[in-house]
Amino acid sequence: MPKSNDGQGRGTGRRLLLRGVLLTVIAIVVLGFVASGCSKVSTAPDEVRLHYAGGAFEAIKFEKCINPSSGATYLGPGDSSYSYPFGQRTFDFSGSDDAESGPISIVSKDNVQLKVAGSATFTLNTSCETLRRFHERIGLKYVAYFDGSESSSGWRRMLNFYFKQPLDRAMDAASQEFEWKKLFNDPNAKQQWEQRVGVLARQFIKETAGADYFCQPNYGGSGECGDVVLTIQKPEPPQSLIDALAAEQAAKQQNLAQAQINTKVKTELESIRDLVKVLGPQGAILWKAVQDGRIDVVPVPADGSVNITPRAR
């Protein structure tokens with residue numbers, strides 16, 4: 001009789017079942033491993049990321065930059081990424097609620113302390129290699145990378161060091177060339193001061209950072225970095241000096257008005273002296289009375305008598 005295939009069929013079925021179970025277990029393990037150790041990131045239009053590989057069991061090394069508006073990028077187990085802003089940013093030292101700093105104090109040539117508010121507009125240099133150096137030398141130290149779409153407190157601390165201190169130095173150095181009234185009241189002097197501050201501030205910012213990490217506001221990640229743009233308000237002295245200056249200006253206006261009155265009186269006196277020389281004292285008095293309308297003059301015939309009647313007051 002031919003040998004039955006039932007036993008062989010049952011054995012094959014068991015092997016297929018075991019293989020299916022094994023593949024399912026492997027898939028679950030792999031998916032669990034991926035879920036626990038891998039992640040994915042994407043970037044917004046105003047964001048760039050740095051991807052680093054490695055972690056607890058291997059050396060950390062730089063992988064790549066993830067450009068703005070990039071889709072999902074998968075990070076391996078232990079990998080990390082750091083977000084930085086792409087596009088215009090400001091360092092605001094106006095002292096407003098959301099400003100990075102209060103106004104900066106300066107000292108004028110004549111030793112008067114003034115306050116200066118303003119802002120510095122710039123773009124972080126996101127050229128990949130430059131951004132990597134910035135991150136490794138400055139960003140990590142200050143924890144300056146962003147958390148989601150919001151800047152971190154470390155970013156603000158970084159700006160206070162790399163912008164406020166150079167600006168403070170630049171403004172103080174430039175202010176030593178001008179007296180406080182010139183800075184406060186003279187548009188030409190203020191313009192010269194602003195130009196001097198701009199030159200020194202850009203020089204000091206670059207020296208403090210050590211490289212062109214902060215570029216002109218429209219920098220796009222390649223080409224010439226350009227200069228940070230400064231917007232500076234008029235230096236403000238203490239209120240007591242502003243009040244004193246206003247009182248001084250008021251006194252000058254009063255003196256000018258009095259000088260005009262004195263000039264008018266002097267002119268009138270000179271006119272009277274000239275009348276006395278020509279008409280004599282009585283004639284001058286009579287002329288003045290006629291000019292002021294206090295005496296009516298009536299024409300009379302020749303050899304007639306004249307009656308002079310003062311006008312009633």
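## Disulfide Cys65–Cys128

Cys65 and Cys128 are joined in a disulfide (a pair of cysteine sulfur atoms within 2.5 Å), with 2.0 Å between their sulfur atoms. The bond joins distant parts of the chain, 63 residues apart: Cys65 lies in strand β3 (residues 61-66) and Cys128 in helix α2 (residues 128-142). Helices (H or I, at least four residues) and strands (E, at least two) are DSSP runs, numbered from the N terminus.

The torsion about the S-S bond of Cys65 and Cys128 is about 95 degrees, so this disulfide is right-handed. Cys65 is buried, at a relative accessible area of 15%, whereas Cys128 is partly exposed, at 30%. Buried means under 20% relative accessible area, exposed over 50%, and partly exposed in between (1.4 Å probe, protein chains only).

## Disulfide Cys215–Cys225

Cys215 and Cys225 also form a disulfide, with their sulfur atoms 2.0 Å apart. Cys215 belongs to strand β10 (residues 214-215), and Cys225 to the loop between β10 and β11 (229-232); the two are 10 residues apart.

The link of Cys215 and Cys225 is left-handed, with -105 degrees about the S-S bond. Cys215 is buried at 0% relative accessibility, and Cys225 is buried at 8%.

## Pairing and basis

The count comes to two disulfides. With the bonded cysteines of the protein chain numbered in sequence order, the pairing is 1-2, 3-4.

This is a predicted model, in which local features need pLDDT of at least 70 and side-chain atom pairs count only at pLDDT 80 or more, while totals for chains, interfaces and linings use all residues. Residues are numbered from 1 along each chain as its sequence is written, and side-chain values use heavy atoms, with hydrogens and water left out.
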